[in-house]
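Here is a short briefing on one protein chain. Look over the sequence and the structure first, then read the points below.

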Amino acid sequence: MKDIYEDFDRAVCLRGEGRAKKETQWLKVVYGFNEPQLPNNVSSPNFSRIFATNTTAFELLVLKRKIMGPCWLQIKNPQVDNKGVSCTRTIVNHRENIREIVCATARIWSNIDIDDPTPPEALPCTVRTFVRPLDRFPPNFEVRASGNGKGLISPMKNERMLLNSLLVTIHRADPDVIVGHEFLGVSLDVLLHRMRELKADHWSRIGRFRRSRWPPIGRQGTNLRFLSGRLLGDLASDGAKDMITSTTWSLTEMCKTHLKSDRQDIDPDDTASYFDGGVSSPERLLTFVRHCELDAHYQMALAAKVQILPLTRQLTNLAGNSWNKTLNGGRAERNEYILLHEFHRLKYVCPDKLWGKKSAVAAKAENEDGDAEGGKTTKGKRDKYKGGLVFEPKRGLWDKYILVMDFNSLYPSIIQEYNIDFTTVESVEVDADGEEKIPEPPSSEVPQGVLPRLIATLVNRRRQVKSLMKDKKATPAQLLQWDIKQMALKLTANSMYGCLGFEYSRFYARPLAALTTFKGREILTHTRELAESMQLDVVYGDTDSVFVNSNVTELAEALKISAEFKKAVNDRYKLLEIDLDGIFQRLLLLQKKKYAAVKVEDGSRTSTEVKGLDMKRREYCVLSKTVSQYVLEQILSGEATEAVVERIHEYLTTIGEDVRGGKIKLDEFIIFKRLGKNPEDYPDAKSQPHVQVALRMKARGLTARAGDVIPYVFCIGEGGETAKTAQADRAKHPDEVRRSSDELKIDYEHYLAHQILPPIERLCEPIEGTDRARLAECLGLDPNRYRSAAESEERYFGTLDSLMSDAERFKDAEPFLVRCRSCRGQVAFAPISDRESSLLLPSGPACPACQSALGTASLQVQLETQIRGHIAKYYESWTVCDDPTCGNRTRMMGVYGRRCLRQGCRGTVAFEYSDATLYNQLRFYLSLFDAEKAVKTSTGSKADEVKALVDLQGDFLRTMAATAEKYLNQSGRRWVQLSTLFSFMKM
DNA sequence: ATGGTAGGGGAAGCTG
DNA sequence: CAGCTTCCCCTAC
């Protein structure tokens with residue numbers, strides 16, 4: 001062994017099991033990679049511990065040479081020649097479930113400057129598609145192919161020739177970057193297997209490392225090494241998914257949202273039909289080829305649009321890792337490298353990389369937990385320490401200005417503010433319960449640690465870049481570049497905390513992570529207390545934010561309050577800073593992490609902000625989201641509850657009809673769900689719809705792997721009846737439904753009951769004047785099935801109610817007062833069965849005082865006026881608190897929340913003139929004109945008399961009843977025994 | 001192979 | 001069978 005001895009006198013930077021912490025003497029030994037690797041657990045009387053025996057050559061090179069990301073190395077005259085290539089291949093599944101390649105497009109851009117904001121379509125490129133027949137080409141295909149516009153189409157005899165030609169093209173273009181969609185996970189996998197199977201010539205030219213013998217092909221998605229020398233930008237890689245906002249990351253969806261292009265989807269099962277050689281025209285196959293050409297373009301256009309290459313390069317320059325890892329891997333490695341560089345520069349010995357193992361600290365903690373918790377099943381995803389604090393929201397609809405105040409990048413700031421670092425925080429002892437205590441932050445004399453300084457540098461650099469961006473002379477290209485740079489700096493600073501708590505991280509330091517979040521909780525609590533000490537109500541808050549109710553309706557006043565509060569908070573910290581993040585004009589607060597608000601933009605403009613609601617989630621179909629959107633708009637509109645509730649009910653009725661009437665397109669019913677693991681790995685696949693669909697996709701030769709987002713639609717089960725069969729069996733892929741041409745029917749009832757009703761119900765929960773059963777009824781669902789436990793009590797009263805006598809039921813109802821136009825007298829309209837007092841005579845209504853006839857129209861108007869009076873009273877919305885010690889009576893318009901708003905009161909408010917009171921009043925009016933009931937409640941000779949009366953005065957009674965009923969229908973509670981109440985109307 | 005925790009909500013399965 | 005737990009997924013920070 002060739003030994004080089006050097007003095008080396010710095011400490012190991014990590015604490016924990018088996019690791020020295022104090023500064024000690026170390027001996028550095030350097031030897032070649034041709035020597036065997038030493039085991040890392042050796043020791044001798046002369047030394048106790050050995051480090052860095054398994055360090056990779058890449059790590060050494062990059063650290064020693066201080067290489068921070070992509071740069072030119074002085075090896076030879078470098079060639080300044082960037083090339084990008086974009087590849088797609090469309091694959092058909094065949095007999096035996098083997099995927100073969102039928103078509104491949106190479107779209108090649110030469111000499112691209114990745115910082116040039118010019119979109120790819122404005123840059124020159126060459127397109128070449130290789131296509132081979134399944135059996136034979138359609139007639140005239142070759143001729144038409146040679147005349148294809150811009151893109152060169154090369155018909156190939158067979159798959160092997162296709163692969164060979166593709167390899168030649170790649171070799172000639174020698175691209176630095178390959179851009180694709182699902183390339184690593186799907187295309188490359190098929191390519192490699194087919195190249196090996198068919199013995200393609202010079203297969204290794206797919207990368208830049210020449211090989212003659214095939215190394216083993218690894219698992220799907222792990223074969224990046226075959227592309228050595230080239231960068232791979234895969235739009236569906238985890239790295240790219242972080243940068244692209246999308247629900248499914250399907251090419252079609254991303255084209256729509258990011259390029260505003262309408263990409264046609266091809267059902268993979270139809271691929272074979274495009275290649276049918278028996279047809280008379282080559283048109284269909286040409287369409288397919290052009291689809292591939294276009295896809296290749298889309299992929300490059302998307303990559304350019306989301307700036308994948310410039311951003312990953314900046315990130316890589318900051319971290320000093322390998323660009324390809326930034327493009328295709330997670331954040332952990334970037335974090336690892338930035339710390340490696342930092343600690344190496346300061347001459348610390350870093351912890352070893354533990355391949356495929358948890359860090360020693362993590363493993364140790366697990367053992368202790370195992371002992372402590374005994375029988376508890378050790379699940380991999382168990383929380384290891386406490387995180388952010390979330391306040392219990394004060395639920396309801398708020399209509400005073402709400403100030404959203406939040407701390408700017410809380411965790412990075414905390415790490416700086418409290419100097420939290422590997423080198424500064426003393427290690428913690430484990431207490432009796434096996435619980436790790438939260439360490440103390442270092443005293444203010446302790447010099448700044450490595451991590452806080454690193455974050456400070458990143459933050460300062462970002463500030464500098466942002467100030468550059470204020471320069472008015474900056475070109476758009478410069479602005480874009482700076483924007484990417486500041487973004488990269490922010491992302492890097494923010495990802496430091498996450499990796500402290502990551503058990504597989506080389507720099508895993510749970511106590512530091514726990515201390516950071518602990519300080520976060522402490523700060524948030526103090527912030528709320530400060531607000532309360534300033535007589536400000538904190539309505540909600542999550543981790544780094546507080547929602548302060550300004551309790552004013554003037555924007556200027558609200559801003560003043562926010563400025564005062566901001567100053568008060570910021571005076572308490574050195575670095576940490578709270579700021580106004582936004583002002584809400586109205587806020588519908590439903591649950592922790594679930595709210596919607598009308599946000600005040602600059603000037604008088606507003607926008608709607610939705611967080612966490614069902615309509616933001618991918619497992620709710622477009623139809624459900626549309627309905628939620630409408631309902632939310634109504635609730636946030638600020639209009640009278642009466643109108644809002646009525647519009648919602650009407651809208652839901654229409655939706656129910658449209659859905660059942662088949663007026664909604666299939667696309668609007670698609671639900672998405674991500675596979676958490678590979679479909680085979682689910683212990684109980686039966687119970688999960690998306691797993692079932694994924695398994696069927698795989699059976700047909702398509703791919704469905706962990707992380708994929710699966711689309712599906714609920715259909716009516718085999719038996720025909722909805723919800724008979726297990727839910728999961730009724731989920732079908734949209735392509736299956738389309739192909740089945742009417743075989744499979746969408747289960748509309750399921751959608752109404754599970755996709756539309758629950759989100760709406762949650763939105764309307766704090767709104768008076770409607771409830772679950774009422775909403776269900778509007779959608780055409782059986783309201784009785786949707787009475788919750790809380791409401792069943794109400795229903796119980798309802799049942800009792802129907803057994804009650806009218807006298808009992810309507811004892812609190814106000815009478816219908818009839819005014820006579822002749823004698824100006826006023827009298828109550830008594831029940832018609834009360835023959836002594838009733839003013840209804842066989843000849844018609846007449847004034848009991850002066851005997852003048854009373855006109856039907858006049859009585860109708862009088863009734864309507866009185867009904868409107870009651871409705872108005874209801875909508876005055878006086879609310880009273882049920883807490884007797886409070887007794888707060890207010891008329892807070894627009895606040896439908898059920899919580900008493902008086903400071904410190906925990907009571908619930910209810911409307912003084914409730915919907916039930918109004919409803920009962922309306923029913924009373926209706927009962928006055930209820931002919932059937934009048935007959936039924938009369939006995940003996942009186943019965944005949946009443947019967948004769950209602951026969952003669954049927955028209956009058958019906959007119960009056962209709963008037964009352966019109967309002968009853970609007971009252972929002974008509975579902976109560978509607979059928980029995982109005983059965984007489986249906987004669 | 002590889003950032004964290006908090007939290008709501010649905011479905012299925014267990015249990016007294 | 002109601003009420004509970006467990007698993008799974010998604011989202012907010």
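Two strands pair if DSSP finds at least two bridges between them. Helices (H or I, at least four residues) and strands (E, at least two) are DSSP runs, numbered from the N terminus. This is a predicted model, where local features need pLDDT of at least 70, side-chain atom pairs count only at pLDDT 80 or more, and totals for chains, interfaces and linings use all residues. Residues are numbered from 1 along each chain as its sequence is written, chains are lettered from A and ligands numbered from 1 in the order in which they are written, and side-chain values use heavy atoms, with hydrogens and water left out.

**Overview**

- Chain A holds 31 helices and 25 strands.
- Of the 987 residues in chain A, 49% are buried (under 20% relative accessible area; exposed means over 50%, and partly exposed lies in between, with a 1.4 Å probe and protein chains only).
- Take the contacts (heavy atoms within 4.5 Å) in chain A between residues at least 6 apart in sequence: 68% of them join residues at least 24 apart.

**The sheet 16-17-18**

- Three strands form an open sheet in the order 16-17-18, and the pairing is antiparallel.
- Strand 16 (671–674) and strand 18 (731–732) are the edge strands, since each pairs on one side only.
- Strand 17 and strand 18 run antiparallel and are joined by two bridges.
- Opposite phenylalanine 714 stands alanine 731 in strand 18.
- Helix 20 packs on this sheet and touches strand 16, strand 17 and strand 18. The direction of helix 20 makes about 105 degrees with that of strand 17.
- Helix 22 lies across strand 16 and strand 17, at about 130 degrees to strand 17.
- Axes are lines fitted to C-alpha atoms, for helices over the stretch in contact, and angles run from 0 to 180 degrees between N-to-C directions.

**A hairpin**

- Strand 11 (residues 537–541) and strand 12 (residues 545–549) run antiparallel, joined by four bridges.
- The two strands form a hairpin with three residues between them. In the turn, threonine 543 has a positive phi of about 65 degrees.
- Aspartate 537 has asparagine 549 in strand 12 as its bridge partner.
- Five of the five residues of strand 11 are buried.

**Helix pairs**

- Helix 14 (residues 450–468) and helix 15 (residues 476–500) pack at about 160 degrees, with axes 8 Å apart.
- Helix 14 and helix 15 are therefore roughly antiparallel (over 145 degrees; under 35 is roughly parallel, 65 to 115 roughly perpendicular and the rest oblique).
- Helix 14 and helix 15 cross in a left-handed way (the near helix is turned anticlockwise from the far one by less than a right angle; clockwise is right-handed).
- By class, their contact has 11 nonpolar, two polar and five charged residues (Ala, Val, Leu, Ile, Met, Phe, Trp, Tyr, Cys and Pro count as nonpolar, Asp, Glu, Lys and Arg as charged, and the others, Gly among them, as polar).
- Helix 19 (residues 641–660) and helix 22 (residues 748–764) come within 11 Å and cross at roughly 165 degrees. Helix 19 passes helix 22 in a right-handed crossing.

**Two single residues**

- Arginine 705 sits in the loop between helix 20 (689–699) and strand 17 (709–714). Arginine 705 counts as buried because its relative accessibility is 18%.
- Alanine 304 lies in helix 8 (residues 283–305). At 29% relative accessibility, alanine 304 counts as partly exposed.
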